[in-house]
Amino acid sequence: MASVDLCIHCNLPIPPSDLVVDEIDGRELHFCCHGCQGVYRIIRSAGLNSFYQRRDWSEQGVPAGVYDATFNETVLEGHVTKRSEILAEISLVIEGIRCSSCVWLLEKLLGRHAGVIDVRINYGTHRALIRFNPQEISPIQIFSAVRRLGYLPHPFTFGAVQDAAVREQRSLLIRFGTAAFLSMQLMGFSFALYGGYFHGIDPGIRQTIQYLAAAVTTPVVFYSGWIFFTGAWRSLKNRTPSMDLLISLGVITAYGYSLYALFFGGEVYFETAAMIITLILLGRLFENSARNRALSSIDKLLRLAPDSANRIVDEEILVVASSSLTPGDVILVRPGERIPVDCRILDGETELDESTITGEPLPVLRRPGDGLAAGTLNLTASLKLTVERVAAESFIARMARMVEEAQNNKAPIQFLADRVATFFVPCVALIAAGTWLFWFFRAVPHTDALLNAVSVLIVACPCALGLATPTAVLVATGNAAARGILFRGGDVLERTAHIDLIAFDKTGTLTLGKPSIEQIIPAPGRSAKDLLLLASQIESGSNHPIALSILARARAEGIKTGAAGAVEAVPGRGLRMTGISGEVLIGSRAFLTNNGVTVPPVASGSLTEVYLSLAGDWYGALLIHDPLREEARQAVTRLQQAGLTTVLLTGDRAEAAQQISDKLAIAETRSNQSPADKAAWIDRQRQAGHKVLMVGDGINDAPALSSADVGCAMAGGTDIALETSDLVLTRPNLERLHEAIYIARKALQFIKQNLFWAFTYNLITIPLAASGKLAPVWAAVAMATSSVLVVGNSLRLGRQIRRTFPVAKGQTTD
């Protein structure tokens, strides 16, 4: 039979009428179309020829319509997030990615285009995030560049992700359905042959049944099992033997020997080859379904925000896509509708269900001026809202991105499995060869020696090792996100599990972060109003909770706020402003004293002291009260019961700090700490062998958060908290911290269980197969079951988390 001519780029068979011949570097190369020829030349001219050796495609061809796809510039612009005049982002789903080398090729080539700043592609979801300079390159040029490489890009939407998942599941289901149907027919023939073996059968009938068995097995092997053969071939070209190679060797050995026996006499084992493929496809189907179920936490987060919105233009209401809304647009949200993007109330007052964001099941009253997050549910009244962010940058979209990133960042424990997997397949192949040689020279029937070797190839399962860590991370981070707990990666999850010391900031963390002025003490010759006016002027640009309390009190007193000069912040100490009458200082007693100001003693008790000076003279003091969180005492107690040491790190004076520690039974107190002091103290604890988690508000605790093994921001979902921390609690509730540590510890426990099972399974079943105690069919059952058990155990982690910490009705879970 003449060999089939395959396209050098996409590996598809080339019809003679479509053959495109090109000579490159003295070699005659064949392509199925001019599109593939162009892509090959682009890759070669970029110096990335190694792509064709590295890639490991499980399918042939490129996506349909890839070379003649067109894109609408207006539509694409609606999916762009502009960070600044020279920085923008766009998310897309890329169809046609077959292996990690496709990701490598796309990142390399797209990154070389002028104006492209960064390209990150998630191999698991085929989602790309591209940062670019809109003044140098447009979205349509980026999409065209992807298309020219033989991949089909789509703007990232929930529907695009769903479509890709459905197509993948459908392909797997069709292959499995074909294999299962034909294998059932094959088993009927096999039972007849087994009966004839024991009770006798006419040779002519026996041969006819064997031919029928061969006819039924062939499409199972070469259609349903084709993905294993292509995967095996690519792994050999890539010099990284994979599980597909083991499966292919086992199937081809059983099928090839059966063909030999069919023509030259002997027992056939077609049912072994067919059942191996059928059972392994069944395992992959279950595994794929379970992984999609674990990934659904991201989908559910994205689904919370509606696709359409009611935009108000000249008093008319227009129904538009949520993705088309821009900051400043005015929209209408009626009772029973969800908020489409992050907004602020322009007109109206309502109760809102914010359980999807904060985990709080009770409705919350919101008034004009309050900010609303996308995905929350309007309960009682119609609202006019002003859009603050585009859909792609809404809080809920950023939550989904964080969860996805977390599920793709490897935990350190996973590197153990990765190292084992690199030499696992070659070792198994050697064991199988050794098994065949051992039994062959033991004078047993040569078919037994062959089947024992096949069993070794089939039963070995590197997949269980590969799935042990990522599936548990997937489930843990998805369930945590449903509770308003966002881990930035599997590495953060593992570090959190090892924490033994927790350091707390005071303001906004142990306290509500809503301080109020209890007492105003002006200097002699000054009035309380003068003091409040000066304090509000210097604090007008700050978002610190104490600054907000001063501004609120000033407005209540009818004082107009606004800066009267340039303000300089001194981290952890206070603010300095140059005014008309001289330099103004506001902050702690130490801050003023260090600047040469004489500060008289003030009887403040446990209240926080804020001092002011003007032109070197003391101007007065404000005494601030910030109540403790209701859950603070119980949360600290639960953390201590979990074996964690608690410490208070605060910039407040010793008396106020100690009183807080006494109320909460915190073990150690560090007062008068600047941000640098907090970071230095954490560094010393880590050098002493402690694993430290720092909890702050994510605003002025950045040095301490970054110094700790895990930095945790409790800021109710502020932008800076999402950007600066390893662990984010979207609801400012300390009890969530205990849940986060419980989830992390349980996840690590389940990862270890999965790894133990994966290693133990291989250590037991491979010797059993080599000793002839495990038939190839049962080896296939065991191999498929091992991966399903690992995924199933990870899903059990999700159920255990939900039983321990039930989620409010309406929240997302996996």
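Trp-226 counts as partly exposed at 35% relative accessibility; the limits are under 20% relative accessible area for buried and over 50% for exposed, with partly exposed in between (1.4 Å probe, protein chains only). The model described here is predicted, so local features need pLDDT of at least 70 and side-chain atom pairs count only at pLDDT 80 or more, while totals for chains, interfaces and linings use all residues. Residues are numbered from 1 along each chain as its sequence is written, and side-chain values use heavy atoms, with hydrogens and water left out.

Trp-226 and Phe-229 both belong to helix H8 (residues 226-237), where 3 residues, about one turn of the helix, separate them. Helices (H or I, at least four residues) and strands (E, at least two) are DSSP runs, numbered from the N terminus.

# Ring pairs

A pair of aromatic rings is described by the distance of the centres and the angle of the planes. Rings of Phe, Tyr and Trp (its six-membered ring) pair if their centres lie within 6.5 Å; planes under 30 degrees apart are stacked, those over 60 are edge-to-face, and the rest are tilted. The structure holds 9 aromatic pairs. In one of them, Phe-222 and Phe-229 have ring centres 6.0 Å apart and planes at 45 degrees, so this pair is tilted. Trp-226 and Phe-229 form an edge-to-face pair, with 6.2 Å from centre to centre and 85 degrees between the planes.

Phe-229 is buried, at 13% relative accessibility, whereas Phe-222 is partly exposed, with a relative accessible area of 37%. Ring pairs join Phe-222, Trp-226, Phe-229 and Tyr-255 into a cluster. A charge is also placed at a ring: Arg-175 lies over the face of Tyr-223, 5.1 Å from the ring centre (the criterion is NZ of Lys or CZ of Arg within 6 Å of the ring centre and within 35 degrees of the ring normal).

# The antiparallel sheet

An open sheet is formed by 6 strands in the order S19-S24-S23-S22-S21-S20, with antiparallel pairing; two strands pair if DSSP finds at least two bridges between them. Strand S19 (516-522) and strand S20 (567-570) are the edge strands, each pairing on one side only. From one strand to the next, the twist averages 20 degrees. Within the sheet, strand S21 (residues 574-579) and strand S22 (residues 582-587) are joined in the antiparallel sense over 6 bridges, and Gly-579 stands opposite Gly-582 in S22.

Helix H19 (residues 545-556) lies across S19, S22, strand S23 (608-614) and strand S24 (617-625), and runs at about 75 degrees to S19. Axes are lines fitted to C-alpha atoms, for helices over the stretch in contact, and angles run from 0 to 180 degrees between N-to-C directions. Ser-613 is located in strand S23 and is buried, at 1% relative accessibility. Not counting residues up to four places away in sequence, Ser-613 touches Glu-583, Val-584, Leu-585, Leu-592, Val-597, Trp-618 and Tyr-619; contact means heavy atoms within 4.5 Å.

# The mixed sheet

Another open sheet has 7 strands in the order S17-S29-S28-S27-S18-S25-S26, and its pairing is mixed. Strand S17 (485-487) and strand S26 (668-670) each have a single partner strand, so one side of each is left without a neighbour in the sheet. Strand S25 (residues 645-649) and S26 run parallel and are joined by 3 bridges. The bridge partner of Val-647 in S26 is Glu-668.
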